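Reader: I would like to go through the labels used for this structure and hear what each one rests on. Please set the values against the cut-offs.

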Amino acid sequence: MHCAQYDANTCRSCQWLALPYAQQLEQKQQQLQQLLAARPVAQWLPPVTGPQQAFRNKAKMVVSGSVERPLLGMLHRDGTPVDLTACPLYPASFEPVFAVLKTFIARAGLTPYNVARKRGELKFILLTQSTLDGGLMLRFVLRSESKLAQLRAALPWLQQQVPQLRVISVNLQPVHMAILEGDTEIMLTDDQMLAEQFNQVPLYLRPRSFFQTNPQVAATLYATARDWVRALPVNAMWDLFCGVGGFGLHCATPEMALTGIEISAEAIACARRSADTLGLTQVNFQALDSTGFATHEAQVPDLVLVNPPRRGIGNALCDYLSRMAPPYILYSSCNAESMARDLANLPDYACEKVQLFDMFPHTAHYEVLTLLVRR
């Protein structure tokens, strides 16, 4: 992949771009095997890869510059802006949308936020594209509501220029810190969910619900989890840290009892809509803390699927799982180091299968799926 910003040394987010891709993959696999060296693995499956460019379905753009000439991209620590609208990680369809958004910012009078001066209103633009039909979700992150009326007034022009916009919202983030979003979301469209579909499973995204940024590899990850689970004698499962329900909805059958737990109420609303669309009746999605839910349950399912944030599932949940002893645990991780720590706290489980999913080419990051079987 060629990147002009990398060559100019203005953006090094893809730290491994200079490494041949085969070498990137080899280093990731070696690191994963080293992290699990103390745990025998019955079956190492080959790494799963996808496109090496134009794979991201989401752009998080810092807005800088002036209202007449806004810049979308990133800021270095010294405040130097970098325009990333031509980033090769984004699909080709993003660049013309960015061009329209720059014009819209000027038309709506959305003054870019100046970090050094602590002045201005528009902090970020977040753009997400569905692989289902190319529909877009757009979020404006503002410091306050002072420009909200102007934005609403200019919105019809934007919708005319970009008809694939389905969901548009404003997020309020008043704090002078490097925080992407705040707690308040103001919907500007009737539609509040962006429809997506992986492997014929309908999924829905709301503005504040987490979703994978590499849809091609994510679809394979979900399908793999489905295949592993359906090969087991599982009549009931938990999907902890379930997000919009991608894992659980793939694994569920009409006969299976599925409980999905996620702290985000927005994500749970999406998961419930998917379950309704699929006609699944033995599904229960709840907006709760996953560890708190699990450690207060007396009944344990046949399989517990966990997909935690980078910190892992932690000691409390590991201790609970060790005591309650479900026959199977399926661990999906975006941080193999925290996963390895958690596995060390699950000594009664053997690693049956491990597979790496290269969700983040040109970086040291990756996803990993591990099937644990009670000894």
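Author: The model is predicted. Under the ring-pair rule, the count comes to nine aromatic pairs.

Reader: Why is the pair of Phe198 and Phe211 called tilted?

Author: The ring centres of Phe198 and Phe211 are 5.4 Å apart, and rings pair if their centres lie within 6.5 Å. Their planes stand at 40 degrees; under 30 degrees would count as stacked and over 60 as edge-to-face, so the pair is tilted.

Reader: What makes this a link between distant parts of the chain?

Author: Phe198 is in strand 9 (residues 194–198), while Phe211 is in the loop between strand 10 (201–205) and helix 5 (215–230). The two are 13 residues apart.

Reader: How do you know that Phe198 and Tyr222 form a tilted pair?

Author: Their rings are 6.0 Å apart centre to centre, against a limit of 6.5 Å. The angle between the planes is 35 degrees, and stacked would need under 30. Phe198 lies in strand 9 and Tyr222 in helix 5, so this pair ties together parts that are 24 residues apart in sequence.

Reader: Why do Phe198 and Tyr222 count as buried?

Author: Buried means under 20% relative accessible area. Phe198 has 2% and Tyr222 has 6%, so both are buried.

Reader: Which residues do ring pairs link into a cluster?

Author: The cluster consists of Phe198, Phe211, Tyr222 and Phe247.

Reader: What makes Arg12 a charge over the ring of Tyr6?

Author: The charged end of Arg12 is 3.8 Å from the centre of the Tyr6 ring, and the distance limit is 6 Å. Lys123 likewise lies over the face of Tyr113, 4.7 Å from the ring centre.

Reader: Where does UniProt place the feature "binding site"?

Author: The unreviewed UniProt entry gives it at Cys3, Cys11, Cys14 and Cys87. These positions are spread over 85 residues of sequence but cluster in space, with a largest C-alpha distance of 10.8 Å.

Reader: Why are Cys3 and Cys11 called buried?

Author: The relative accessible area is 13% for Cys3 and 9% for Cys11. Buried means under 20%, so both residues are buried. Cys3 lies in the segment before helix 1 (4–7), and Cys11 in the loop between helix 1 and helix 2 (21–35).

Reader: What does Cys11 contact, leaving aside neighbours within four places in sequence?

Author: Cys11 is in contact with Gln5, Tyr6, Met74 and Leu84.

Note on methods:
Residues are numbered from 1 along each chain as its sequence is written. This is a predicted model: local features need pLDDT of at least 70, side-chain atom pairs count only at pLDDT 80 or more; totals for chains, interfaces and linings use all residues. Side-chain values use heavy atoms; hydrogens and water are left out. Helices (H or I, at least four residues) and strands (E, at least two) are DSSP runs, numbered from the N terminus. Buried means under 20% relative accessible area, exposed over 50%, partly exposed in between (1.4 Å probe, protein chains only). A charge sits over a ring if NZ of Lys or CZ of Arg is within 6 Å of the ring centre and within 35 degrees of the ring normal. UniProt positions are given in the numbering used here, feature names are shortened, and annotations may be inferred rather than shown by experiment. Contact means heavy atoms within 4.5 Å.
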